Amino acid sequence: MLACKRSLTSTMTSALRVLRSNPSLPPQVAVCSQVQRRLSTQTDGEVRIAQILKEKFPSASSLKVVDISGGCGAMYEIHIESSEFKGKRTVQQHQLVNQALKDEIQGMHGLRIFTEIPKH
């Protein structure tokens with residue numbers, strides 16, 4: 001319930017920002033666009049980061065990129081499983097991800113990285 005309340009609060013806050021930036025926009029349009037964003041599959045930032053990581057780690061067996069900043073692109077969480085991490089310590093795996101995203105990281109507030117090596 002708390003997570004739903006936070007999500008709704010974040011959605012309403014985002015809708016208010018949209019209304020402030022465009023006062024001629026009807027309120028229901030601003031709210032609907034923010035709710036639609038919550039229900040859509042991925043943000044542009046999530047898609048861009050996932051594409052970069054797919055190119056850098058072509059053997060990745062699992063990849064998930066989530067904008068955890070409420071959709072503004074300030075903070076992301078990345079889960080990536082790749083055989084390219086085999087034989088590397090966790091810090092080295094994270095360095096590889098950071099290096100792949102060096103240009104994107106400059107505009108971020110934070111980044112959570114979770115790396116794994118495939119079990120098989």
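Is Phe57 buried or exposed, and what is its relative accessible area? Phe57 is buried, with a relative accessible area of 3%. The model shown here is predicted. Its chain has 5 helices and 3 strands. Along the sequence they follow the pattern α-α-α-β-β-α-α-β.

**The chain as a whole**
- Of the 120 residues of the chain, 26% count as buried.
- The chain exposes about 8100 Å². Carbon and sulfur atoms supply 55% of that area.
- Take the contacts between residues at least 6 apart in sequence: 52% of them join residues at least 24 apart.

**The sheet**
- The 3 strands form an open sheet in the order E1-E2-E3, and the pairing is mixed.
- Strand E1 (60–67) and E3 stand at the edges, each with a single partner strand, so one side of each has no neighbour in the sheet.
- On average, neighbouring strands of this sheet are turned by 10° against each other, direction ignored.
- E1 and E2 run antiparallel and are joined by 7 bridges.
- Asp67 has its bridge partner in E2, namely Tyr76.
- As a general point, strands of a sheet pair through backbone hydrogen bonds, either parallel or antiparallel.

**Helices across the sheet**
- H3 lies across E1 and E2. H3 runs at about 155° to E1.
- H4 lies across E2 and E3. H4 runs at about 125° to E3.

**The buried side of H4**
- Helix H4 spans residues 90–100, and its buried residues are Gln93, Val97 and Ala100.
- These residues cover an arc of only 65° around the axis, which puts them on the same side of H4.

**The aromatic pair**
- The structure holds 1 aromatic pair.
- Phe57 and Phe85 form this pair, which is tilted. The rings are 5.3 Å apart, centre to centre, with 55° between the planes.
- The pair links distant parts of the chain, with its two members 28 residues apart. Phe57 sits in the loop between H3 and E1. Phe85 sits in the loop between E2 and H4.
- Phe85 is buried, with a relative accessible area of 0%.

Technical notes
Residues are numbered from 1 along each chain as its sequence is written. This is a predicted model: local features need pLDDT of at least 70, side-chain atom pairs count only at pLDDT 80 or more; totals for chains, interfaces and linings use all residues. Side-chain values use heavy atoms; hydrogens and water are left out. Buried means under 20% relative accessible area, exposed over 50%, partly exposed in between (1.4 Å probe, protein chains only). Helices (H or I, at least four residues) and strands (E, at least two) are DSSP runs, numbered from the N terminus. The arc is that of the directions from the helix axis to the C-beta atoms. Two strands pair if DSSP finds at least two bridges between them. Axes are lines fitted to C-alpha atoms, for helices over the stretch in contact, and angles run from 0 to 180 degrees between N-to-C directions. Contact means heavy atoms within 4.5 Å. Rings of Phe, Tyr and Trp (its six-membered ring) pair if their centres lie within 6.5 Å; planes under 30 degrees apart count as stacked, over 60 as edge-to-face and the rest as tilted. Accessible areas come from the Shrake-Rupley method with a 1.4 Å probe; for residues, only the protein chains shown count as cover.
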